[in-house]
Amino acid sequence: MTTSTPAASRWQRLRDSYLLYSFKRDWGAQLCLAILLALVTMALLAPWLAPTDPYDLAQIDILNSELPPFWIDGADTRYALGTDAQGRDLWSIILYGTRVSLLIGFGAVLLQALLGVVFGLLAGYLGGRIDAFLMRLADIQLSFSTLMVAIVVGAVVKATLGGGFYSNHAVLMLILIIGLAEWPQYARTVRASVLGEKRKEYVDAAKVMGLGSRRIMFRHVLPNTLTPIFVISTVQVANAIISEAALSFLGLGMPETHPSLGSLIKAGFDYLQSGSWWITLVPGAVLVVLVLSINLLGDWLRDVMNPRLYKG
Amino acid sequence: MIAFLTKRLMHALLVMFVISVIAFAIQDHLGDPIQQMVGQSVPESERAALRHQLGLDAPFHVQYLRFAGNALQGDFGYSYFYREPALEVIARHLPATLELVFGATLLIVLLSVPIGVYSAIRPRSLLSRFFMGVSIVGISIPVFLTAIILIQIFSIGVTVTLFPESSAWGGWLNAALSTRGSMPSFGRGQDLVHVVGHWDTNLASLGGLKHLVLPSIALASIMLPLFIRLIRAEMMEVLQSEYVKFARAKGIAPRRIHFLHALKNTMLPVITVGGVQIGTMVAYTILTETVFQWPGLGLMFLDAIHRADIPLIVAYLMIVGVIFVITNTLVDLIYGLVNPTVKLTGKPA
């Protein structure tokens, strides 16, 4: 199937691909990717870029609380974007918060994709009762909206395990909750493509050769369903980041001592009426730029790759 | 038709059964009623006796049947916090949420149809591109952030001093970009008009309507872009179809083709998606009501979670489940009625 030098041929294929060709001609997509990469790099390098460590209580002084950003009178030169209500440097804590948001966003999407791909493959390839059961489950979950499922599961888990335990393992909990709440999107997409692929001749050929179902599913059918998976993944990452922010805003997510962008917005909201708008709106702006750049990239990918997505 | 109806109803009952089992399992596993009823010094033997007397040692299915029987009669137990029947608490909070959803739905319907149709008819015009750009920004802003921005601009006010005040146009630009901020952003206000029972309405007085404006815009802001994009996509597809081309060839006025012939078929998928979005809407009412302290079901549910008010949480889940199942079933039935091409008895594709 592949040539003798797969690495070189893949690189060549990428260079000749329509994807790269249209990327080079679309400055909007380039800008979005640049912003996204910049944000991801900043988040990854947070411990080195941030002037203070927001998790270190010794570096925080409550006397520095609610200082405005640099362009407003009364700003402190040490804190470029101002400080929050606890006196933490807003720039540092946004860097760390973006890191947490991205970690949960990508983690949750990995889990969703894993569950969704396996369930979608099983449902589409095996059909019958497994298909009916899994798709009914997906229908029910989707009719409740993924955010609702996440809120309810989050609330119940928090009430069952107790607030302290939940806060200590918040990252893992949020990945699990958002992952479990949103797998049906993947399962439906994968199932729809599998149903299309299943009828093709190469699958028949593989069956005639006596290959097992598992091998056909994962080695032969799965690679041909990757395009739609790839396309919906962008939107799913954006959704997962928003879901995480929503859960944190409701107090069901990251605690304020270890904040994500959502819990920063929540913490700052209490100080909005007293005039300190930057504590909530600056992290909010970062969240919007992050999600917007992912969504725009997703739109662009969808237009370029034009997969037959499952409709309805 | 009968077969389709039966199938849908069976499905609805199955979903309700699953929800009730989950809700009961939550109630069963969270907390021990005996521990809350008796003191520390009561010995284990007496606790067991009390447990037996109250039927709490019965097998899971027996207890579930008791719970389901009570729930069917509208008895979800007493709220720990309000010390009154959980259903009563929900009935008291329901009108506020319904009015908020009504306001948001009104905005969505009034805005999404004209904008969606316009940007489908003239996809390349500047205004359409503007609407599409705004809608993707709208999707990317979480609903609670939209709400916060609305509060900052229209309730607290923004004073812009970006331009030099002394120059001729600077002062004017500053004033034009600044907002005074007088809109109420907290709760339902005092100007409520009593209608019937638990229903005090915001809709019957100017003060009440003012309180409803910002929360409705916030709640609508998340769904509006979705609907605009959906209506646009469906309409563009319909405009390519044979019968529209034929109507054009016949010389029917474009206005009549767009709004009578094409719009009808555009709205079909919009109905189904709209029905599914009701679920999303309920989730977003929780967020919107939290920001605006709107005393509806969403805020009540969140408070119940923070107070670990189990009976109220369970009652909320059951009521929301009923609302979902009824709306989804109705949407399916309406869709089956208005679209004769739907295979009523066949398996879903």
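Reply: **Starting from one residue**

A:Val203 is found in helix H10 (residues 201-208) of chain A. Helices here are DSSP runs of H or I with at least four residues, strands are runs of E with at least two, and both are numbered from the N terminus. Residues are numbered from 1 along each chain as its sequence is written, and chains are lettered from A and ligands numbered from 1 in the order in which they are written. This is a predicted model: local features need pLDDT of at least 70, side-chain atom pairs count only at pLDDT 80 or more, and totals for chains, interfaces and linings use all residues.

Is A:Val203 buried, exposed or partly exposed? A:Val203 counts as partly exposed because it has 19 C-beta neighbours inside 10 Å. A residue is buried with 20 or more other C-beta atoms within 10 Å of its own, exposed with 12 or fewer, and partly exposed in between, with C-beta atoms placed from the backbone.

What does A:Val203 touch? Leaving out residues up to four places away in sequence, A:Val203 touches A:Glu197, A:Lys198, A:Ile216, A:His220 and A:Val221. Contact means that the C-beta atoms of two residues, placed from the backbone, lie within 7 Å. Take A:Ile216: it is 13 residues from A:Val203 in sequence, and their C-alpha atoms are 7.2 Å apart in space.

**The chain around it**

Chain A has 14 helices and zero strands. Its C-alpha atoms fill a box of roughly 75 × 50 × 30 Å along the principal axes. Of the 312 residues in chain A, 44% are buried. Among contacts in chain A with a separation of 6 or more, 70% join residues 24 or more positions apart.

UniProt, in an unreviewed entry, places "domain: ABC transmembrane type-1" at residues 98-298 of chain A. UniProt positions are in the numbering used here, feature names are shortened, and annotations may be inferred rather than shown by experiment. That span, residues 98-298, is 83% helix and 0% strand, and its end C-alpha atoms lie 20 Å apart.

Chain A averages a pLDDT of 83, and 94% of the residues score at least 70. Over residues 1-5 of chain A the pLDDT is below 50, and this stretch has one contact in the model beyond near neighbours in sequence. pLDDT is the predictor's confidence in each residue, from 0 to 100. Where it is low, the predicted coordinates should not be read in detail.

**Across to the partner**

How many residues of chain A are in contact with chain B? There are 35, and they meet 32 residues of chain B. On the chain A side, helices H6 (128-143), H7 (146-161), H12 (226-249), H13 (261-269) and H14 (278-305) each supply at least two residues. H14(A) gives the most, with 10 residues. By class, that side of chain A has 25 nonpolar, nine polar and one charged. Nonpolar means Ala, Val, Leu, Ile, Met, Phe, Trp, Tyr, Cys and Pro; charged means Asp, Glu, Lys and Arg; the others, Gly among them, are polar.

**Inside chain B**

Helix H9 (residues 206-239) of chain B packs with helix H5 (residues 86-121) of chain B at an angle of about 35 degrees, with their axes 6 Å apart. Axes are lines fitted to C-alpha atoms, for helices over the stretch in contact, and angles run from 0 to 180 degrees between N-to-C directions. The contact of H5(B) with H9(B) has 22 nonpolar, five polar and two charged residues.

H9(B) also packs with helix H7 (residues 143-156) of chain B, at about 145 degrees and with axes 9 Å apart. Among the residues making this contact are B:Leu150 and B:Phe154 of H7(B) and B:Ile217 and B:Ile222 of H9(B). The contact of H7(B) with H9(B) has 10 nonpolar, three polar and no charged residues.

Just after H10(B), B:Gly251 takes a positive phi of about 90 degrees.

B:Arg83 sits in the loop between helix H4 (60-72) and H5 of chain B. B:Arg83 is exposed because 8 other C-beta atoms lie within 10 Å. Its phi is near 55 degrees, a positive value in a residue other than glycine. B:Gln293 lies in the loop between helix H11 (254-292) and helix H12 (297-306) of chain B. The phi of B:Gln293 is positive too, near 50 degrees. Most residues other than glycine have a negative phi.
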